[in-house]
Amino acid sequence: MNREEAGGSLSTVLITGAAGGIGTLMRSRLARPGRVLRLLDIAPLEAGPGEEAVLASVTDLDALTEAGRGADAVIHLGGQSVEAPWERILEVNIDGTYKIFEAARRAGVPRVIFASSNHAVGFHSPDEYPLPDDTTPAPDTYYGVSKVTGEALGALYHHRYGLDVICIRILTCFPKPLDQRALSTWLSPDDCARLFEACLAAEKPGYRVVYGVSANTRGGWVSLDGARELGYEPQDDAEVFAAEIIAERGELAPDAPVLRRLGGSFTLPQYDADNL
Ligand code: 15L
């Protein structure tokens with residue numbers, strides 16, 4: 001019997017950053033009869049059927065602990081989703097992620113699914129593709145450093161306190177791919193939800209770091225072995241958008257700067273916290 005069949009074990013899922021890009025896309029997709037989605041954000045949210053709204057920041061440990069009470073899993077999406085000055089990354093992404101794990105421990109939440117990012121390993125290059133699940137960190141930004149740190153915190157909270165922790169290095173999750181790189185890196189919202197469901201349902205996953213990407217024709221940049229072991233099977237392919245994107249934006253040469261590293265524009269010299 002898996003966790004879903006066990007009944008009740010998936011009944012309350014706390015989602016941080018629920019008003020953000022991925023949170024908004026996941027809300028309807030993760031709704032299930034009998035499941036409560038507890039939506040936490042600093043932006044006010046109106047709870048619909050099967051939802052609870054919590055107005056709180058990932059910087060508030062007491063509020064996070066309270067929000068975690070009775071939850072079966074946390075999906076941690078909250079925080080800064082692009083590069084920012086170090087102080088902001090430190091407060092919201094690094095200390096904020098520490099507080100998520102600590103709140104989960106204090107509240108007795110057994111599982112945390114952490115939205116890591118390809119930018120944790122953004123400086124790896126095409127000659128290394130497909131990057132394996134255990135790729136050495138190569139963060140391309142302070143933002144990427146915060147994702148490596150979040151993965152490390154996840155390992156600590158697994159090994160020391162026994163939490164199940166799955167870190168998903170999400171590639172590019174938007175309603176549709178917007179540029180040529182995304183034809184390789186797109187994670188469709190439906191596939192993203194499939195991956196979260198696999199993470200919620202997996203029996204005793206322990207500690208894992210996996211990639212999150214769709215079955216893109218131009219993909220193969222990262223391994224999907226770890227995600228598949230959890231039961232994820234991607235169904236979508238960015239190629240259906242290829243003609244439209246190339247007609248709009250022209251076709252890049254394979255050695256275009258934005259295609260030379262996994263992290264794309266985040267790896268370019270001008271994409272620097274000093275220039276923000
Ligand atoms: C991310 O981690 C970012 O949050 C998102 O804005 C995109 O840049 C994405 O990675 C990507 O690499 O496409």
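I started with the secondary structure and got nine helices and seven strands, taking helices (H or I, at least four residues) and strands (E, at least two) as DSSP runs numbered from the N terminus. The radius of gyration is 18 Å, close to the 19 Å of the globule rule for 276 residues, so the protein is as compact as a globular protein of that length. That radius is taken over C-alpha atoms, and the rule is 2.2 Å times the number of residues to the power 0.38.

A note on the source: this is a predicted model, where local features need pLDDT of at least 70 and side-chain atom pairs count only at pLDDT 80 or more, while totals for chains, interfaces and linings use all residues. Residues are numbered from 1 along each chain as its sequence is written, and side-chain values use heavy atoms, with hydrogens and water left out.

Next, the ligand. I looked up which residues surround it (a heavy atom within 4 Å), and the list includes Ser 81, Asn 118, Tyr 143, Arg 181 and Phe 266.

Then I checked polar contacts (N or O pairs within 3.5 Å). A polar side-chain atom of His 119 is 2.7 Å from a ligand oxygen. For Thr 172, a side-chain N or O atom is 2.6 Å from an oxygen atom of the ligand. Leu 171 uses a polar backbone atom, 3.4 Å from a ligand oxygen.

Last, the backbone. I found a cis peptide bond between Tyr 129 and Pro 130, with omega about -5°. Pro 130 is in the loop between β5 (111-117) and α5 (142-161). Lys 204 has a positive phi, near 40°, and lies in the loop between α7 (189-201) and β7 (207-212). I noted both because most residues other than glycine have a negative phi, and most peptide bonds are trans.

Methods: Polar contact = N/O pair within 3.5 Å; in protein donor to acceptor, adjacent residues only side chain to side chain.
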